Amino acid sequence: MKLKTWLTGAMVAAGLITAVGPAFAQEKLNVWWVKGFYKAEDDALFAAIKKFEEKNKGIKIELSQYPIQDMIPKTVAALDSGSPPDLAYADTYDFQVTAKWAYDGKLEDVSSVIDKVRNNFEPAALSTTFLYNNQTKTRAYYAYPIKQQTMHIQYWKDMLAESGYKESDIPTDWKGYWDFWCSKVQTGYRQKTGKRGFGTGFPMGVDSTDSFFSFLTFMDAYNVKLVSDSGKLLVDDPAVRAGLINALNDYTAVYTKGCTPPSSTSWKDPDNNVAFHNKTTVMTHNATISIAAKWLDDMNNTALTQEQRDLGKKNYYELIGTAGFPLKPDGTKMTYRSAVKTGVIFKDAKRKDLAKQFLAFMLEEQNLTPYVEGSLGRWFPVTKAAQQRPFWKQDPARLAVYNQFMNGTQPFEFTKNYKFTVLNNENVWAKAMNRMLNEKVPTEKAVDEMIARIKEVAGN
């Protein structure tokens with residue numbers, strides 16, 4: 001359901017509108033922004049909007065918030081009708097639409113805003129918004145970065161102990177690491193507790209962005225490059241095919257071994273979280289630390305009982321481990337891919353100048369940082385100063401995130417070839433998994449089908 005909030009001065013907290021003083025003309029700026037995962041995110045956004053309106057008395061922000069799954073359908077419908085919002089942000093734009101909108105000439109060039117604060121941003125994050133416009137045949141900042149995410153491992157320390165192992169027993173080599181959770185942890189846990197727990201929870205559903213983010217991390221472990229920096233496909237290289245076969249075999253091995261829940265092949269994005277929270281699985285990988293942060297949110301939720309809040313604190317600070325991936329098969333350290341969450345101003349927006357004014361305000365450190373930190377560590381900052389704040393070193397979970405980002409990241413394929421947004425939407429990666437596991441197709445055939453589809457969509 002659409003959540004439309006008229007924010008006026010101190011009325012924000014109460015959600016009330018009161019006519020005070022003489023009426024005066026205000027320009028209305030239509031802003032669409034994804035509904036926050038946590039209340040603290042939305043509160044930080046509301047506070048920033050209130051601050052902007054107080055500073056700019058002649059501008060009224062008309063804020064519309066939608067759940068994450070509704071943002072793209074509603075935005076596309078607004079574009080098709082010729083009445084897009086003046087400014088829009090969603091957590092899924094980057095994966096699915098931003099680069100294509102830029103290519104099709106639907107986005108406003110916001111370089112004039114970015115150039116003034118360029119030095120504030122971490123270069124790798126900022127570079128992902130420097131996109132190609134096929135109408136002008138040039139690249140420019142057709143989007144703006146808000147926050148970013150990468151891949152993490154989360155595991156239950158108490159379940160690991162119940163299986164007869166401790167954290168120092170976890171191997172660091174690629175093959176040994178994944179085998180440990182299956183042959184040792186799952187086996188030990190079932191024998192010692194009599195419960196049907198699973199050593200791992202691997203997302204494999206076609207309707208899950210977790211499944212393709214996780215699989216692409218396995219692909220990165222085998223040093224597979226699908227596209228060059230200029231956007232040219234590299235999938236005809238035999239080494240690429242071999243790497244994809246290895247990655248797909250490794251990713252699906254836990255399923256064939258019975259080491260991930262049978263429902264994994266139909267999981268949607270929340271399902272690996274739910275399985276982990278229910279202690280059905282000992283370990284999972286996730287593209288944010290939302291799994292751990294859920295318990296931090298519980299700890300601070302005054303609507304819960306003291307017992308529930310105490311459990312949240314214990315789980316977050318004592319029982320959930322957060323870590324990066326093991327060493328690659330070749331023994332080198334992982335370089336993680338970062339998904340930079342992007343917002344846009346549309347070419348056909350009615351108030352582009354006002355939108356750029358609001359954007360410049362939101363990108364100021366004192367406004368953007370509280371919004372990102374309101375996610376409790378689920379998202380990592382895109383500005384250099386915010387990345388070094390004490391917030392990221394205050395507990396083991398956030399410190400693990402910080403260390404992963406400080407080791408350097410790499411961008412997704414769609415920043416070089418926008419057509420990979422189509423492949424992500426189709427989730428050719430999870431489709432290949434399901435061809436193998438549900439239809440018993442050999443790995444080589446599943447990979448060849450995947451390569452053929454990549455060439456069909458992203459070639460030329």
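**Close-up views of a predicted model**

**View 1. An aromatic pair centred on Phe213 and Phe412.** Phe213 and Phe412 are both buried (under 20% relative accessible area, 1.4 Å probe, protein chains only). This is a predicted model, in which local features need pLDDT of at least 70 and side-chain atom pairs count only at pLDDT 80 or more, while totals for chains, interfaces and linings use all residues. Residues are numbered from 1 along each chain as its sequence is written, and side-chain values use heavy atoms, without hydrogens and water. Ring centres of Phe213 and Phe412 lie 5.0 Å apart with planes at 85°, so the pair is edge-to-face (Phe, Tyr and six-membered Trp rings pair with centres within 6.5 Å; edge-to-face means planes over 60 degrees apart, stacked under 30, tilted the rest). Phe412 also pairs with Phe414, stacked at 5.4 Å and 20°. Phe414 is buried.

**View 2. Strand β2 and its parallel partners β3 and β4.** Six of the eight residues of β2 (residues 27-34) are buried, so the strand is largely enclosed by the rest of the structure (strands are DSSP E runs of at least two residues, numbered from the N terminus). Eight bridges join β2 to β3 (residues 59-66) (pairing needs at least two DSSP bridges). Asn30 stands opposite Glu62 of β3. Three bridges link β2 to β4 (residues 87-89). There, Trp32 has Ala88 as its bridge partner.

**View 3. Charges over rings at Phe198 and Trp156.** The charged end of Arg190 sits over Phe198, 4.9 Å from the ring centre (Lys NZ or Arg CZ within 6 Å of the centre and within 35 degrees of the ring normal). Lys279 lies over the face of Trp156, 4.3 Å from the ring centre.

Technical notes: Buried means under 20% relative accessible area, exposed over 50%, partly exposed in between (1.4 Å probe, protein chains only). Helices (H or I, at least four residues) and strands (E, at least two) are DSSP runs, numbered from the N terminus.
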